[in-house]
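Thanks for coming. I will take a few minutes to go through the strands of one structure and how they pair.

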Amino acid sequence: VQLQASGGGLVQAGGSLRLSCAASIPTFSSYTMAWFRQAPGKEREFVGMITRSGGLKYYTDSVKGRFTASRDNAENTVDLQMNSLKPEDTAIYYCAAALFCARSENDYDYWGQGTLVTVSS
């Protein structure tokens, strides 16, 4: 099983980025997919998740209204559209997969390698 995150980069405050995660999970549609992030000097935190069918999405308060998760179960991909980016969004972003709907990183079975997002002021 492998998760490959991509799409990070340097963007000015107010800009947008779209992260993608390609999963080599045979039963991808059975997994809740989530995004976490880890800022320099801070612990990894939950950003958002999308349930197996894509019907439900949950986000941490700081990104609500700015970030949107989506998934394509036919392509085994999950995306995170990030708009109105702020310097405090700077972090390494990780995609993760879990068999259950969860916010704790301890509940996630598979992790991508992370992609760096840097938002300049």
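Which residue in β5 is the bridge partner of Met33? It is Ile50. Before going further, note that this is a predicted model.

As a general point, strands of a sheet pair through backbone hydrogen bonds, either parallel or antiparallel. β4 pairs with β5, residues 45-50, over 5 bridges in the antiparallel sense. These two strands make a hairpin with 6 residues between them, and in that hairpin Gly41 has a positive phi near 75 degrees.

β4 also pairs with β9, residues 91-98. That pairing is antiparallel too, with 7 bridges. Within it, Phe36 of the model sits opposite Tyr94 in β9.

Now to another group of strands. What is the order of the 4 strands in the open sheet? The order is β1-β3-β8-β7, with antiparallel pairing. β1, residues 3-6, and β7, residues 67-72, are at the edges; each has a single partner strand, so one side of each has no neighbour in the sheet. On average, neighbouring strands of this sheet are turned by 15 degrees against each other, ignoring direction.

Inside that order, β3 covers residues 17-23 and β8 covers residues 77-82. They run antiparallel and are joined by 6 bridges.

Methods:
Residues numbered from 1 in each chain as written. Predicted model: local features only at pLDDT ≥ 70, side-chain atom pairs only at ≥ 80, totals over all residues. Heavy atoms only, no water. Pairing = 2+ DSSP bridges. Axes fitted to C-alpha atoms, helices over the stretch in contact; angles between N-to-C directions.
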